[in-house]
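Dear colleague,

My notes on it follow directly after.

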Amino acid sequence: MEALLAITIGVLVATSVYLMLARNVLRFIFGLVLISNAANLIIFVSGRLTAGAPPLIPEGADGPVGDVANALPQALVLTAIVIGFGLFAFALVLMFRAYTTLGTLYSDDMRIAEPRTEDTT
Amino acid sequence: MTWTLATPLVLPFLTAVLAFLARYGAAGRWFSVAGNAVLLAASILLMVRVLDQGVIAAQMGGWSAPFGITLVADYLSAVMVVITAITALAVSVYALTDIDARKERLGYHALFNILIGGVVGAFLTGDLFNLYVWFEVMLISSFGLLILGGNKDQIDGGIKYVTLNLISTILFLSGIGLLYGMTGTLNMADIARTLDTVENQGLVTVVAMMFMVAFGVKAAVFPLFFWLPAAYHTPAFSVSAVFAGLLTKVGVYALIRMFTLVFDGDVAFTHQILLWVAGLTMVTGVLGAAAQNDMRKILSFHIVSQIGYMIMGLALLTPLAVAGAVFYLVHHIVVKANLFLIAGVAERTAGSTNLDRIGGLYKSAPLLAILFFIPAFSLAGFPPLSGFWAKYVLVAAAIEDQGWIIAAVALLVGLLTIFSMTKIWAEAFWKPHPEGADPALSQLTPQARRHLLIPIAGLAAMTLVIGFSPDPFVTFAKDAAAQLLDPTAYITTVLGGKA
Amino acid sequence: MNSIILRVGTQYLCGLLVLFSLYMLIRGHNEPGGGFIGGLIGSTGFVLFALACGTADARNALKVMPQNIAMAGLGIALLAGIFAAFFGDALFTGQWLFINETADSKGIPISTVLFFDIGVYLVVFGSILSIVFAMEEEI
């Protein structure tokens, strides 16, 4: 299972790097979504993969009974997903705003904040 | 104990809530000023406690470390919180005039205070994942601040800022995942303790490099700084000032924290890289600045070059060098935020920050000229201003460590900084205004003058105080460095339950 | 979108979703659920409303600006966290009050944890709606 997840993470990262190298910023943020999922998977796998019940404490007991899953990475991944979701929503709005105000999605054409200096004229 | 540590963290968020709910009236901006004044008081209280007890820690929710989230303040954290509060107060007063009602309605004050809360949180947390969360809080609010108003150049700069910072965030997150996989804990003190027992030390170094790149982007070091000069000159001046003063410094703080506390195993490798990075950052930053012709763009590139000095202190890793880095951090935040605030006043009076289009400020606004002179030449390292002592300590540390090349680079970059500062001085202040205008401060309403100049004067006074009596500050920086280089007290306080 | 089926359906669904989200919120302390999930479900109701009848109507139905809801939620969550400190506990320690407590029953438990969760609910609810409304109006 670890090997499968490792390969999945690798494929996700490779795909996202390919996407992020594109000049089109929309592709870039799709790459960003994939790579953030890869990072979430890394955290998930870091907590070790064990076959266990959900870590819920039954009524009356002081601790979970039997084999339970590691709850910490799940909490971390949940947090990371939420944050990633917020950032993605923001980035998407920003890209749309860029498209309407700058009229382009190509990073090479985005030169308003840093205009090209005239070539030795 | 809990109160002292948590108040500076909770206050900015309460301020943000109040300021946001009152954003349609004048009350919102005064909430921001008042909140930051209380924040300053709270942070000074924290500082007093830390000076008294060395390191203090508090466990949130009563969950003892390493299971819960720990807030911890040592000398470095405490001084960073104090300086954050000072900058925040200065900028919130400046923003009374600088930020128009439209931006206030969009929630400027709330975003600003959330940003401050994120910065304070990053300085105070003792938990790695919590550090990530504070970075995100900072990041989201800074995105908002950066594009608030929605000018074309803001959107353009914003895209570069957002994309590169998101990549850094994801690297940071992956690094946390791998570190957790190796040590089974997220508490930084606990990681520091258990990391030596990890079998695969090669993997530790790999993760260390991931953190170096992630924080390197945040700190804007060579070759990861390109987002900074693309974005920092576009938003409102208050926003630029607080970004310039605080944001990159959080990256530097995180580098210092991680590479003294956690990643101190393979120093020969990691800190050698940091030394190269430091030298190249200084040189590229200052050369980039020399090519620019706009006040804010010059100052943005100078942030990059100054970051190099702090990284240099960290890379040398001798007690004196780390003390130099701490001293430099404090001095730099005050000076840099102030310079951006002054650039704002220059634009308001002379009409632009482009050096070709302005001039005559010395003749018509001599007060502003003096106020510019202090931080600008402190930045360049003129004795006896604060920047001189900061550079002096660092160069002395380099020579002591026989790092002749880095010492030479530091001195050379200092010279080139003088070039940039004299360029601004000559163009904006000395030469007559190209359109024959008379950019006097009296064009501004008396109220605007108060709001704009009092924070500038206050920060300039701080520069002078540090400059004329550097001894207590250097002693403090040395104590902070001693704590950083020998983290036993930090680790025992966090884990020892002295809460 | 102009579909009468969606519009009529939404009238019932929106209310049901908000009700269900409150159920999820309160159930959350001992079982799966909680403020985050609740906020997501609740916001879905109004997102659906906005899709069916337009954002102007949805904003009217909501009465309060979603940004204000989110910030108020942040305030409630913070206050719930600070509350513990008045009892000498570390911040964000849960404080419990049991109404009608008897020997074999805990009665109705009220805790700061619940208020924190309500804060989270409002933050999620408000911020999702602000984002969605802004996007809807822009496009």
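A residue is called buried here when its relative accessible area is under 20%, exposed when that area is over 50%, and partly exposed in between (1.4 Å probe, protein chains only). The model is predicted, so local features need pLDDT of at least 70 and side-chain atom pairs count only at pLDDT 80 or more, while totals for chains, interfaces and linings use all residues. Residues are numbered from 1 along each chain as its sequence is written, chains are lettered from A and ligands numbered from 1 in the order in which they are written, and side-chain values use heavy atoms, with hydrogens and water left out.

Salt bridges

A salt bridge is a side-chain nitrogen of Lys or Arg within 4 Å of a carboxyl oxygen of Asp or Glu. Side chains of opposite charge can pair when their charged atoms come close. Over all chains, the count comes to seven salt bridges. Helices (H or I, at least four residues) and strands (E, at least two) are DSSP runs, numbered from the N terminus.

Asp98(B) forms one of these bridges with Arg348(B), and their closest N and O atoms are 3.3 Å apart. Asp98(B) belongs to helix α3 of chain B and Arg348(B) to helix α14 (residues 319–350) of chain B, so that the pair links distant parts of the chain, 250 residues apart. Asp98(B) counts as buried because its relative accessible area is 11%. Arg348(B), by contrast, counts as partly exposed because its value is 33%.

Asp74(B) forms a further salt bridge, with Arg257(B), at 2.9 Å between the closest N and O atoms. This pair also links distant parts of the chain: Asp74(B) is in the loop between β2 and α3 (75–98) of chain B, and Arg257(B) is in helix α11 (residues 237–262) of chain B, 183 residues apart. Both Asp74(B) and Arg257(B) are buried.

Asp156(B) and Lys160(B) are joined by a salt bridge of 3.2 Å, N to O. Both residues lie in helix α7 of chain B, four residues apart, which is about one turn of the helix. Asp156(B) and Lys160(B) are both buried.

The interface of chains B and A

Contact means heavy atoms within 4.5 Å. By that rule, chain B and chain A contribute 34 residues each. Buried area is the accessible area (1.4 Å probe) that two parts lose on being put together, summed over both. Chain B and chain A bury about 2900 Å² between them, with 79% of it on carbon and sulfur atoms. On the chain B side, Ile159(B), Ile170(B) and Tyr180(B) lose the most area to chain A, together 20% of what that side buries.

Between these two chains there are zero salt bridges. A polar contact is a pair of N or O atoms within 3.5 Å; within protein, one must be able to donate a hydrogen and the other to accept it, and residues adjacent in sequence count only if both atoms are side-chain atoms. Three residue pairs are in polar contact between chain B and chain A, both residues being at pLDDT 80 or more. The elements of chain B that each supply at least two residues to this side are α6 (128–147), α7 (152–183) and α10 (227–231). The largest share, 19 residues, comes from α7(B).

The interface of chains B and C

Here the contact takes 18 residues from chain B and 14 residues from chain C. About 1300 Å² is buried between the two chains, 82% of it on carbon and sulfur atoms. The count of salt bridges between chain B and chain C is zero, and one residue pair is in polar contact, both at pLDDT 80 or more. On the chain B side, α1 (2–21) and α5 (108–124) are the elements that give two or more residues. The largest share, 10 residues, comes from α1(B).

A residue in chain C

Ser43(C) is found in helix α2 (residues 35–53) of chain C. Ser43(C) counts as buried because its relative accessible area is 2%. Not counting residues up to four places away in sequence, Ser43(C) touches Phe125(C), Ile128(C) and Leu129(C). A polar atom of the Ser43(C) side chain lies 2.8 Å from the backbone oxygen of Leu40(C).

With kind regards
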